[in-house]
Amino acid sequence: MASHTAPKGVDRISELPNEILISILSHLTLREAVRTSVLSKQWRYVWTYISTLNFDAKLNKLSWFSPPPGNAYNYRNWVDGVLEKLRGPNIDEFRVCYYMDNTYRNMINRWIKFTLSNIVHTIDLNCSYESSLSSRSRLPSVPVPRRRCYVLDPYMFMKFKSLKSLSLSAVTVDDEAIACFLSNFRLLERLSIHLNVGLRNLEVVGGSLVLRHLEVVKCWNVESVEICDANLVSFTYDGNMSRLFIKNVPRLVEVSVNPDGAMCIAKTRFLKLSCCFSQLEILRLTVRHGERVSLSDITWPELKNLKQFELFVDTWSNDNLLGYLAMIKNWPNLQRFVFQVISREFHYHNKERIDTTEDVREAARFCHPYLKMVEISRYCNICDFEIFKQIIENFVNLEKIIIDTCYPDRGIKSESESKEDQRELQRGSLEQQLRAQLSPRVELVML
């Protein structure tokens with residue numbers, strides 16, 4: 001049989017058409033793509049034709065990158081140096097991600113003007129210190145910038161007729177600008193507004209809009225958000241629930257909600273809105289500390305189409321979380337339940353343990369025939385077996401359970417060696433108890 005193996009030393013990749021080489025480079029970080037210019041003469045200018053420009057300093061692992069206030073001078077030189085070498089006719093994606101305030105407005109405007117002559121589908125201006133490495137659409141919320149945000153000139157954007165996705169973080173825009181975007185960008189499918197101080201009243205109204213995905217996160221001065229007769233598929237909201245109005249959104253299947261303020265206030269509004277969520281398939285919800293009892297006391301709406309529920313609980317790490325199981329009782333077709341604990345302290349602190357009442361235990365007892373997967377992450381109180389025992393009893397057709405007992409990265413002090421040893425023993429004891437009670441068909445993953 002003839003061998004098709006290439007002779008040793010032959011570079012088959014370089015023989016590919018430039019279109020394919022450019023496509024390959026588009027899957028690398030911008031820094032990695034630029035470094036391919038030293039491979040050979042043929043590769044020297046290939047990267048200058050890439051259409052995906054992601055200027056995320058952290059993602060590109062630049063040597064001079066530092067946390068806020070950072071080094072905007074080096075960042076400017078990096079972006080300018082790349083833009084002046086580009087030879088391609090189009091820029092499909094343009095992303096800026098670095099800590100910059102309104103002092104750098106002229107610099108940012110110059111970059112935006114550079115892209116005006118191109119067919120741009122995605123623009124992401126992230127002037128906060130949150131890297132695009134972390135999904136800003138996921139809850140919980142992102143930090144608050146402590147300076148005057150970059151003020152965007154909306155009229156400069158009016159020429160982006162081909163824009164499909166616009167993301168603005170720590171960028172100030174007002175109601176008029178957003179209204180102009182929605183009316184002029186006829187192809188706009190995704191709009192994301194984070195860390196905004198200029199937005200007051202947001203209206204997404206009318207079936208003529210092609211907008212499918214909307215995120216409104218930490219816009220502190222918002223007085224109202226109205227969504228009516230829209231074609232939205234997903235919606236993320238982090239703010240005051242009393243200022244949110246939703247009506248007739250029949251295609252909405254994914255919702256992420258982080259209510260601002262006590263749940264005893266927000267839950268009433270959430271329940272009123274739930275009549276619009278009957279078609280939901282994915283729901284994410286953040287719950288604050290001290291709301292466990294109120295959550296178990298109320299009857300949550302029946303969401304017959306819900307397939308995935310992600311619950312983020314901001315609580316003391318020694319609090320018993322059993323009451324939260326009652327939330328999914330009326331969601332009969334739920335298949336995946338993700339339970340992430342945002343613990344404020346170790347379970348070793350001196351705070352008195354919060355015991356579970358019999359009413360909470362009774363509310364948490366029910367049979368759920370369709371749930372296939374449960375994932376519990378950042379759960380520090382692993383010595384409390386009660387919640388795991390109830391999960392095994394409730395979810396009779398469970399196929400997989402994932403338990404991540406690692407501590408959160410943020411705000412946690414390192415443990416002493418003795419406490420680490422104690423925790424490892426508790427983790428081993430938990431795994432042993434679970435395997436003793438779980439059916440052999442259930443896969444257990446301990447992280």
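Are Asp-238 and Lys-218 buried or exposed in this predicted model? Both Asp-238 and Lys-218 are buried, where buried stands for under 20% relative accessible area, exposed for over 50%, and partly exposed for the range in between (1.4 Å probe, protein chains only). Their side chains meet in a salt bridge with an N to O distance of 3.9 Å; a salt bridge is taken as a side-chain nitrogen of Lys or Arg within 4 Å of a carboxyl oxygen of Asp or Glu. Asp-238 belongs to strand 11 and Lys-218 to strand 9, so the pair ties together parts that are 20 residues apart in sequence.

Residues are numbered from 1 along each chain as its sequence is written. The model is predicted, so local features need pLDDT of at least 70 and side-chain atom pairs count only at pLDDT 80 or more, while totals for chains, interfaces and linings use all residues; side-chain values use heavy atoms, with hydrogens and water left out.

The overall picture comes next. The protein chain holds 11 helices and 19 strands, where helices (H or I, at least four residues) and strands (E, at least two) are DSSP runs numbered from the N terminus. Of its 447 residues, 51% are buried. Among contacts (heavy atoms within 4.5 Å) between residues at least 6 apart in sequence, 69% join residues at least 24 apart.

Strand 9 spans residues 213–219, and six of its seven residues are buried. Strand 9 pairs with strand 7 (residues 190–196) in parallel through six bridges; two strands pair if DSSP finds at least two bridges between them. Asn-196 has Cys-219 of strand 9 as its bridge partner. Strand 9 also runs parallel to strand 11 (residues 234–239), with five bridges between the two, and here Leu-214 stands opposite Phe-235 of strand 11.

Another parallel pair is formed by strand 10 (residues 224–228) and strand 12 (residues 244–247), joined by four bridges. Glu-226 has Phe-245 in strand 12 as its bridge partner. In a regular strand the side chains alternate between the two faces of the sheet.

Attention turns to the nonpolar side chains. In soluble globular proteins, nonpolar side chains tend to be buried together. The largest nonpolar core has 119 residues, and Phe-157 and Phe-309 touch the most other members. Helix 3 (residues 72–83) gives the most to this core, contributing six residues. Such a core is a set of buried Ala, Val, Leu, Ile, Met, Phe, Trp, Tyr and Cys residues joined through side-chain atoms within 4.5 Å. With neighbours within four places in sequence left aside, Phe-157 is in contact with Ile-112, Ile-123, Leu-125, Leu-152, Leu-166, Phe-181 and Phe-185.

Helix 3 is also the place of Asp-80. Beyond its neighbours within four places in sequence, Asp-80 is in contact with Arg-110 and Trp-111. The C-alpha atoms of Asp-80 and Trp-111 are separated by 8.1 Å, although the two residues are 31 apart along the chain. With Arg-110, Asp-80 forms a salt bridge between side chains (2.8 Å, N to O). This pair links distant parts of the chain, with Arg-110 in helix 4 (residues 105–115) and Asp-80 in helix 3, 30 residues apart. Arg-110 counts as partly exposed because its relative accessible area is 40%.

The whole structure contains 12 salt bridges. Among them, Arg-365 and Glu-362 meet through their side chains at 2.9 Å, N to O. Arg-365 is partly exposed at 38% relative accessible area, and Glu-362 is partly exposed at 48%. Glu-93, Arg-95 and Asp-124 are linked in a network of salt bridges.

Finally, Ile-13, Leu-16, Ile-20 and Ile-24 make a nonpolar surface patch of about 310 Å². Patches are built from residues with over 30% relative accessible area and no salt bridge, joining like charges within 9 Å and nonpolar side chains (Val, Leu, Ile, Met, Phe, Trp, Tyr) within 5 Å. Ile-13 lies in the segment before helix 1 (18–25), and its relative accessibility of 47% is why Ile-13 counts as partly exposed.

Notes
Areas by Shrake-Rupley, 256 points an atom, 1.4 Å probe, with all protein chains shown as cover.
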